[in-house]
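This report examines selected features of a two-chain protein model. Please keep the sequence and the structure in view while reading.

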Amino acid sequence: MLKNYFKIAIAVLKRRKFFTFISLFGISFTLTILIVLTAFLDHLISPQYPDTRRSRSLYINTALRSNSKTFYFSNGPLSYYFLNKYVSSLKTPEKVAISSIFSTTNTYVNNKKLEIDMKYTNAEFWDVQEFQFLEGRPYTAQEIANGDHVAVISEKTKQAYFGEASAVGKYIETDNVRYRVTGVVKSVPITILFSYGDLYLPYTLSKTERSNTGFDGSYTAIILARSAADLPKIQEEFQQTVARIPLKGMEFDKLDCYADSYLASFTRTLLGKDESSGVNKFILSISLFALFFMLLPTLNLININISRIMERSSEIGVRKAFGASSRTLVYQFIIENIILTLIGGILGIALSAIIIAILNSSQLLPQVYLAINFTVLAWALLACLLFGLFSGVYPAWRMSKLQVVTALKAQ
Amino acid sequence: MLKHLFKLIWNKKKQNFVLMLEILVSFLVIFAVFTMVVYYYKNYRKPMNFDYEPVWAIQFRIEQRPQSNDSLSLYFEALRNQLTSMPEIAAVSFTGHNIPFSMSTSQNNVNYEGMHISGVNDYTVQDGYAAALGLIMQEGRWFSRADAGANYRPVVLNNFLKEKLFGNANAVGKVLDKGSERPLKVIGVIHDIKEKGDYQAIEPSLYRRADTSSYRWMEVILVRVKPTANIAFEGRLYKALAAYMPNATVEIEHLTNKRVSKNSMTLVPMIIMMIVAGFLVINVALGLFGVLWYNINRRRGEIGLRRAVGATGQSISRQLVSEALVLSTMALLVGCFFAVQFPLLNVFDMPAGVYLTAIGLSVVFIYGLVMVCALYPGKQAAAIYPAVALHED
């Protein structure tokens with residue numbers, strides 16, 4: 001039966017080539033745009049090198065400090081002092097990585113200006129993040145404690161500063177300070193905010209943090225749990241710790257700070273309010289956007305399908321006259337439509353593969369490599385089926401309403 | 001004639017319903033795009049009113065500063081003098097983080113005779129700031145040494161804030177925030193500058209003169225360089241700064257680069273939106289074309305009959321195009337009803353003129369699109385020979 005429908009569908013597609021072209025164009029381009037956007041979102045949200053353990057990590061990137069009387073509030077990253085004192089001391093986590101948000105500095109080599117993004121880290125940073133070392137090793141807790149001038153650089157920085165030769169043991173200079181390179185890591189795209197940097201340095205070398213014992217700073221923390229099941233326990237322990245932090249003598253009387261999953265740590269700053277992390281709001285707005293975006297192509301497809309169906313009214317009339325029920329006809333038409341959308345879907349996947357390949361090779365976003373993976377494909381397939389269903393149901397319903405007599409008379 | 005056409009469409013409203021819905025949704029999409037384009041274009045047309053090209057921004061994140069106010073001023077005044085004495089440098093001003101084209105803003109409230117204006121950009125700057133950025137005075141004067149130690153706090157407004165507060169009246173000499181600890185006295189008004197990028201709207205701004213305690217938190221120096229300044233000079237300048245402040249992380253940025261990245265933050269989303277909208281429009285246009293073509297072909301018998309009783313080809317094609325236009329008028333009326341809500345309810349706080357222009361442009365655009373899609377099928381219908389068409393039936 002299905003084979004028959006398939007044959008009919010192909011025959012119908014071949015008959016009105018212009019309509020087929022319009023339908024395929026609409027479906028494939030809609031899907032292409034959706035797939036490329038999904039691939040980008042997937043790149044942002046799902047685990048990426050070197051932040052590969054997101055499923056058992058919690059992130060702290062900001063804290064909201066407010067005063068209920070003066071309405072003063074300030075929202076921003078925290079100091080190393082705060083994170084070390086209140087987060088590293090938690091009992092449940094396996095490890096806590098603390099690192100600064102990168103800050104840019106210049107270095108001048110052979111009358112060429114290099115912009116270097118510096119990131120200060122603790123020693124656990126190298127255990128929590130799974131960096132790929134192309135040369136050498138990370139700096140150790142001992143070197144950090146000694147205040148040694150050591151650094152880990154990215155492959156990109158190595159290329160710009162040292163060229164092809166090995167960099168380990170050599171010195172890199174910026175801000176009039178020389179650092180001995182202990183290792184070279186594979187470069188990280190700037191979209192992986194918690195891990196990105198060109199030059200990683202021990203936090204003890206940070207000129208601004210040494211004497212900072214306030215809460216404001218430029219540091220974030222990643223808490224690595226022993227297992228994903230520990231995450232709620234850690235969150236609870238952290239909330240209890242936050243509640244106990246003394247705020248006397250500060251210009252604020254309320255401190256809101258949460259350890260969140262990766263996505264939630266971003267949605268909280270954008271959409272969160274009080275307790276809610278804003279993840280639901282984020283998913284809702286993304287789905288609404290996708291639905292709204294698909295609305296026009298779907299309407300267009302419905303329009304074309306109606307025209308197509310009316311053209312086939314004599315065929316429908318004959319089938320009805322020979323006893324086919326409305327339901328059979330509706331099924332047939334919906335299946336035909338889904339076949340059409342699937343063909344469009346395959347085209348769409350091919351087109352998006354081409355676009356993603358172009359985006360990756362152009363390096364419009366440095367070091368960002370998008371990919372169509374199974375998640376993306378599954379979403380694309382779902383979108384295809386929804387698309388086919390949405391645009392098939394109304395015309396099929398219209399068709400099933402046709403009276404045999406009118407249908408036969410029309411032509 | 002028009003009444004007749006409306007009747008024709010109305011009788012087939014069920015058949016045309018999806019088509020009208022499609023036109024309606026496309027109108028709303030186009031309206032959104034045009035609103036953005038018109039808004040940014042209006043902003044783009046306004047002059048920048050300052051000269052960012054030869055300006056460098058030096059950021060220094062410094063750990064330890066001298067403790068007392070006096071030694072703090074001495075320390076940074078000496079740095080300022082060292083910079084000013086360099087032959088390549090024309091003007092210098094220390095300032096807060098909210099320099100032109102940066103991501104940071106700092107906002108405050110301003111009160112004047114019961115009027116309360118919130119969201120005023122607040123800048124703390126030195127006497128060299130106006131020269132460094134090439135600001136243009138509209139009335140009054142910029143800060144000078146004479147303002148040091150005055151018992152009021154001298155401020156300069158931008159024209160936008162001045163008009164909000166005083167309308168057309170003179171602003172110089174007026175006192176803001178009366179009754180507060182330290183009232184602000186307006187000493188000058190500058191022309192509005194677009195310091196948040198070419199496409200940003202002008203916002204109310206207020207400039208305060210930095211006092212000695214400001215050195216506690218200021219971390220940016222704006223430097224206007226002369227044409228002789230090249231990359232070699234930049235390296236020398238960098239060395240000099242790093243040597244003067246051994247505890248600081250120093251970064252030199254050029255405002256021209258900052259402008260490009262700030263602009264692209266506005267342009268990139270708009271370009272993505274326009275690509276998406278453009279694709280939707282092509283999609284809709286193809287669909288419209290197909291459906292109109294099909295509908296007209298289906299009416300061959302009717303058209304043949306009209307031709308037989310004496311209608312010219314031209315009048316047939318005109319009728320078909322007008323039918324399509326009437327159809328879109330119905331959709332546009334509903335669309336305009338929704339679109340007009342934006343200026344009426346003041347959504348997104350944009351000027352009403354932007355919305356109205358956008359509505360006008362979208363209506364013209366949709367009419368144009370429908371006309372283009374209907375022209376070819378209409379022309380084909382006009383070429384139908386009555387004898388052939390009637391024979392088919």
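Pro50(A) is placed in the loop between H2 and E1 of chain A. The peptide bond that joins Tyr49(A) to Pro50(A) is cis, with omega about 0 degrees. Most peptide bonds are trans. The model described here is a predicted one.

## Helix H8 of chain A

Helix H8 of chain A spans residues 262–271, and its buried residues are Tyr262(A), Leu263(A), Ala264(A), Ser265(A), Thr267(A) and Arg268(A). Which elements cover them? Among those that cover the buried residues of H8(A) are H2, strand E1 (57–60) and H9 of chain A.

## A buried strand in chain B

Strand E10 of chain B covers residues 220–225, and six of its six residues are buried, so the strand is largely enclosed by the rest of the structure. In a regular strand the side chains alternate between the two faces of the sheet. Both faces of E10(B) are covered: Val220(B), Leu222(B) and Arg224(B) are buried on one side, and Ile221(B), Val223(B) and Val225(B) are buried on the other.

## Loop residues of chain B

Asn98(B) lies in the loop that links E2 to strand E3 (107–112) of chain B. Is this residue buried or exposed? Asn98(B) has a relative accessible area of 9%; the limit for a buried residue is under 20%, so Asn98(B) is buried. A polar atom of the Asn98(B) side chain lies 2.8 Å from the backbone oxygen of Asp122(B). Leaving aside residues up to four places away in sequence, Asn98(B) touches Ser104(B), Thr105(B), Ser106(B), Asp122(B), Tyr123(B) and Glu195(B).

Most residues other than glycine have a negative phi. Glu113(B), which is not a glycine, has a positive phi of about 45 degrees. Glu113(B) belongs to the loop between E3 and strand E4 (115–125) of chain B and is exposed, with a relative accessible area of 62%. Asp177(B) also has a positive phi, near 55 degrees. Asp177(B) sits in the loop between strand E7 (175–176) and strand E8 (184–190) of chain B, and counts as buried at 15% relative accessibility.

## The interface of the two chains

How many residues of each chain are in contact with the other? The contact involves 42 residues of chain A and 43 residues of chain B. Together the chains bury about 3700 Å², of which 64% is on carbon and sulfur atoms.

One salt bridge is counted between chain A and chain B; it is formed by the side chains of Lys239(B) and Glu173(A), at 3.4 Å from N to O. Ten residue pairs are in polar contact across the interface. On the side of chain A that touches chain B, the elements that each supply at least two residues include helix H2 (17–45), strand E9 (171–174) and helix H12 (374–400). H9(A) gives the most to this side, with 14 residues. The residues of this side of chain A comprise 21 nonpolar, 14 polar and seven charged ones.

Definitions and conventions
Residues numbered from 1 in each chain as written. Chains lettered and ligands numbered in written order. Predicted model: local features only at pLDDT ≥ 70, side-chain atom pairs only at ≥ 80, totals over all residues. Heavy atoms only, no water. Buried < 20%, exposed > 50% of the residue type's maximum accessible area, 1.4 Å probe, protein only. Helix = DSSP H or I, 4+ residues; strand = E, 2+ residues; numbered from the N terminus. Contact = heavy atoms within 4.5 Å. Buried area = accessible area lost by both parts, 1.4 Å probe. Salt bridge = Lys/Arg side-chain N within 4 Å of Asp/Glu carboxyl O. Polar contact = N/O pair within 3.5 Å; in protein donor to acceptor, adjacent residues only side chain to side chain. Nonpolar A, V, L, I, M, F, W, Y, C, P; charged D, E, K, R; others polar.
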